Structures are given as structure tokens and as C-alpha cells.
Amino acid sequence: MPADWLVPVRAALDARERRLEIFFRDDDAGWDDGRLFDLLDCFQACQVPIDLAVIPQAISENLAEAVLGHWRRNSFMLGLHQHGYSHHNHESQGRKCEFGISRSEERQFKDLVAGKQQLERLFGSALDSIFTPPWNRCSQATADSLIKLGFQALSRNRGAAPLHTGRLLEIPVAIDWCGIRIKSAQPWIALGQAIADSLHPPHSVPLGIMLHHAVMDGDDLEHLQALLQLFREHPNTRCRLMRELLDDAKAQDARLSACSLESHAVLAAMRSYLN
């Protein structure tokens with residue numbers, strides 16, 4: 001396998017002064033189970049964690065039990081969260097979207113509840129409070145519904161149209177592995193350069209890489225394994241699960257809130273003393 005596609009990636013990592021956190025999100029769990037387990041085996045062999053975005057209406061009882069077995073053996077290596085409801089396009093015009101502007105908040109809420117309940121039944125406490133919309137697109141009604149349902153994070157594309165998310169954290173992906181490969185005449189060179197560009201300073205937010213196991217073949221897995229090994233071994237990278245990034249963000253918010261309260265208390269004491 002040619003290794004030159006990783007040259008710009010390694011150079012970008014070497015140039016960093018601070019370690020960058022990276023996560024991998026594989027979409028469409030529920031489709032093509034064989035390829036899903038091939039992908040899980042690849043990550044397991046490299047000892048790199050991966051998050052699965054699970055389609056509630058697509059996942060079977062047997063697949064859910066097998067995936068849950070993986071989680072029970074290595075919960076620190078696997079994250080599970082909701083990926084839409086049925087992964088059907090409901091837009092008659094424009095780009096595909098399951099939770100788009102043509103659907104009311106009531107209809108979206110109904111599907112979100114049904115999907116959430118289905119995955120909670122299958123995965124219980126293994127399910128993370130994160131939502132990834134199919135095609136990485138959703139509307140403000142989606143965000144409002146997610147907040148009402150107690151979701152804690154939304155994952156779309158970096159650069160997606162902003163939404164009023166309130167306390168809902170965004171954990172975006174920046175690299176579409178399969179999209180870049182399919183559209184490029186020199187797929188691996190293009191993919192390596194895209195990843196390298198996302199690693200160059202001043203990028204400091206976690207780098208999300210999106211996968212779609214159902215359209216990944218042996219060549220994909222061979223190249224992916226090389227990238228995973230580089231990320232695992234390089235001192236300037238740290239691969240995390242999305243729930244860990246969420247926990248970090250909540251902890252940081254708590255610290256900032258505590259500092260803010262302390263500052264207000266100090267100011268109040270000063271005013272009292274001066275008066």
C-alpha cells in the first residue's frame with residue numbers, strides 16, 4: 001500500500017505545538033452488518049475508539065445484541081448514539097433531509113421520541129445522549145425538539161448553517177472520508193491533504209472524521225488502519241469518544257460558572273464594603 005498519502009498528515013502533526021483531540025463517527029449502523037463488523041475489527045486492532053450513529057428503524061435485535069456485546073467488553077472503545085429515525089428523505093426539493101424545514105416540529109418530535117425509545121430499549125445505559133441527523137442536516141425545529149427530549153449534543157458538519165441550540169452542545173465532523181474518496185480522481189492523495197489541512201494550526205477544536213461503513217471496501221480499511229496507527233502513535237494526537245468530549249465540555253462549563261459566581265460574590269463583597 002502506498003504510504004505517501006500520509007506524508008502531509010504526518011508533517012501537519014509534527015508542526016503542531018499542542019495535542020489535538022480526534023474522534024471517528026461511523027454513520028448508518030443498521031445497514032450492511034458485515035462491513036460494520038469489519039470496521040469495528042479494524043478499530044479494535046488499532047486500539048482506537050469509534051462512535052456509531054445508529055438508525056433506530058434499521059437496526060435488528062440481533063445486531064443490537066452483537067454491538068452491545070462489543071460495548072460490554074470494551075465500553076471505553078465504543079460509543080452509541082441516535083442517527084435520525086428511519087433515514088428516509090422527506091424533502092421534495094433540494095438536498096436530502098429527514099429532519100428538514102418541510103416537516104413540522106410536531107412530526108419531527110414524534111419520530112425523535114420513537115427513535116429514542118427504540119434505542120433505549122435495545123441499548124439501555126450504553127446509549128449516549130447525542131443525535132446525528134441523516135445527511136448531517138436538520139432544522140431549528142429539530143434542535144428545539146432535541147432540547148425538549150433532553151439530548152445533550154448534536155453532531156453535524158463543521159460549517160453547517162447555525163442553529164439556536166441553547167444548552168445543546170455541537171460536536172461537528174470536518175472530514176467526510178467516503179465523500180472525498182468517491183469524488184476525487186486521486187482519492188488517497190486528496191483525503192490525506194484534506195486531513196492535513198484540518199490539522200494545521202490554528203485548528204484546536206476536536207477533529208471529527210465521518211465514515212460510512214456500508215460503502216467502505218478492503219482498500220478503505222487498509223488505508224484507514226494506516227491512519228489509525230499514525231494517530232495512535234503520534235504524540236500530538238489523542239483519539240476520544242464523543243461522550244468524552246461532551247463530558248469535558250460540561251466540566252469546563254461548570255468551572256466557568258463557578259468562576260463567574262465567585263467573581264460576582266467578590267464584587268458584591270467589595271460593593272458592600274465600600275458602601
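**Helix 4 and its surroundings**

Visitor: Which elements do the buried residues of helix 4 pack against?

Guide: Helices (H or I, at least four residues) and strands (E, at least two) are DSSP runs, numbered from the N terminus. Buried means under 20% relative accessible area, exposed over 50% and partly exposed in between, with a 1.4 Å probe and protein chains only; contact means heavy atoms within 4.5 Å. On these terms, the buried residues of helix 4 pack against strand 2 (50–54), helix 3 (61–73), strand 3 (78–83), strand 4 (127–132) and helix 5 (140–148).

Visitor: What kind of model is this?

Guide: Residues are numbered from 1 along each chain as its sequence is written, and side-chain values use heavy atoms, leaving out hydrogens and water. Local features need pLDDT of at least 70, side-chain atom pairs count only at pLDDT 80 or more, and totals for chains, interfaces and linings use all residues, for this is a predicted model.

Visitor: Within what arc do the buried residues of helix 4 fall?

Guide: The residues concerned are Q108, D111, L112, G115, L119, L122 and F123. Seen down the axis of helix 4, they line one face, because they fall within an arc of 100°. The arc is that of the directions from the helix axis to the C-beta atoms. On the other side of helix 4, E106, K110 and Q117 are exposed, whereas the buried residues keep within 100°.

Visitor: How are helix 3 and helix 4 oriented to each other?

Guide: Axes are lines fitted to C-alpha atoms, for helices over the stretch in contact, with angles from 0 to 180 degrees between N-to-C directions. The two axes come within 9 Å and cross at roughly 55°. Angles under 35 degrees count as roughly parallel, over 145 as roughly antiparallel, 65 to 115 as roughly perpendicular and the rest as oblique. Helix 3 and helix 4 are therefore oblique.

Visitor: Which residues of helix 4 meet helix 3?

Guide: On the helix 3 side, the residues are E61, A64, V67 and L68. Their partners in helix 4 are R121, L122 and F123.

Visitor: Is L39 buried or exposed?

Guide: L39 lies in helix 2 (residues 33–46). Beyond its neighbours within four places in sequence, its contacts include D26, I50 and L211. With a relative accessible area of 1%, L39 is buried.
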